Each structure stands twice: as structure tokens, then as C-alpha cells.
Amino acid sequence: MPISDYLRGLREHVGRSLLLVPAVAAIIHDEHGRVLVLRTAEGAWTLPAGQIDPGESPREAVVREVREETGLEVLTTRLLDVYGGAGWRMTYANGDEVEGTVCVFACDVSGTLACDGVEIAEAHWIPGEQVTSLLSLPYPASLFA
């Protein structure tokens, strides 16, 4: 996934060391109750998600990330939960380590789904009970009921 200018600047000072990053994710259901999941260019399955930029609120970040990754417009309806800790740590292919604190929002959606082709290779609507078996991060199954 592309790195923001902000994180690129931090990396110049800390190298590949662990960074704690604020992030967001969207739970989006279609008219059939299925959940939107995305496969990244690296092959990992994820929710529409990303890091919060400086000066951006979590709600603004989730709207921006969903639009960038999927072409969809969302309206956040509520904050579902916040996750973080060791289970939310990852090391990218280049060796950079991050640990996210992720604000997860329920979202209403409009527009036409179109993957960006850069970060996101494909998107699928799947039944909620199948979501956790795909995702690379440990979201609880209760989020997708």
C-alpha cells in the first residue's frame, strides 16, 4: 500500500522501527446484508480501511479511504468499536513495522463499486459469517452479524 507523505517523513527519522498509527475501517453491507471485503495488491484480504492523515478526523478518513479504494461514497452511521494492540501489528514487505489503532465505522453506501487498481486488486460482497476467515486482521465475528 502506498505510504503517506507524513509516514514517509517519520520513516526518515525512525527507519523501519515500529510506529503506532491511527487508522479507520468501514463495515459496509449491501442490500442483501453481505459485507464488502477487498483484496490488496499484495494479496491480503481487508475491509475498506486506511490510516488517518494529520488534521483529518476519523470520520473524514473513512470517507476518504473508501472513496479512494472503491469509488464508493459513504456516510458513517456509527462508531462500532476501536481495536489495537499486538494483534494489529504488521510488517510490510519492505520491513516497515506498524501497529494500528483502528476505529471501525458502520457506513451507508452509494455509488458504483470500482477498485482503484493500485491498492485494491478486487472487491467482493460476502456473507458476514465468512468475513473473519478471510481477513488478515483479527476483527471479531460479532462486527459482521
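Student: Why is Glu 68 called partly exposed?

Tutor: Its relative accessible area is 39%. Buried means under 20%, exposed over 50%, and partly exposed in between, with a 1.4 Å probe and protein chains only. So Glu 68, at 39%, is partly exposed. The model is predicted: local features need pLDDT of at least 70, side-chain atom pairs count only at pLDDT 80 or more, and totals for chains, interfaces and linings use all residues. Residues are numbered from 1 along each chain as its sequence is written, and side-chain values use heavy atoms, without hydrogens and water.

Student: What makes Arg 64 and Glu 68 a salt bridge?

Tutor: Their side chains meet at 3.3 Å, N to O. A salt bridge needs a side-chain nitrogen of Lys or Arg within 4 Å of a carboxyl oxygen of Asp or Glu. The pair therefore qualifies. Arg 64 and Glu 68 are 4 residues apart in helix 2, so about one helical turn separates them.

Student: Which residues are linked with this pair in a network of salt bridges?

Tutor: The network links Asp 53, Glu 56, Arg 64, Glu 65 and Glu 68. Glu 65 and Arg 64 meet at 3.0 Å, N to O. Glu 65 is buried at 7%. Arg 64 is buried at 15%.

Student: How do you know that Asp 96 and Arg 11 are buried?

Tutor: Asp 96 has a relative accessible area of 9%, and Arg 11 has 11%. Both values fall under 20%, so both residues count as buried. They also form a salt bridge, with the closest N and O atoms 3.4 Å apart. Asp 96 lies in the loop between strand 6 and strand 7, Arg 11 in helix 1, 85 residues apart.

Student: What span is expected for helix 2?

Tutor: The expected span is 1.5 Å times one less than the number of residues. Helix 2 (residues 58–70) has 13 residues and reaches 18 Å from first C-alpha to last, close to the 18 Å expected. Helices are DSSP runs (H or I, at least four residues); strands are E runs of at least two. Just after helix 2, Gly 71 takes a positive phi of about 80°.

Student: Why do strand 2 and strand 3 count as paired?

Tutor: Two strands pair if DSSP finds at least two bridges between them. Strand 2 and strand 3 have 2 bridges and run antiparallel, so they pair. In strand 3, Trp 45 is the bridge partner of Arg 39. The open sheet has 3 strands in the order 3-2-8. Strand 3 and strand 8 each have a single partner strand, so one side of each is left without a neighbour in the sheet.
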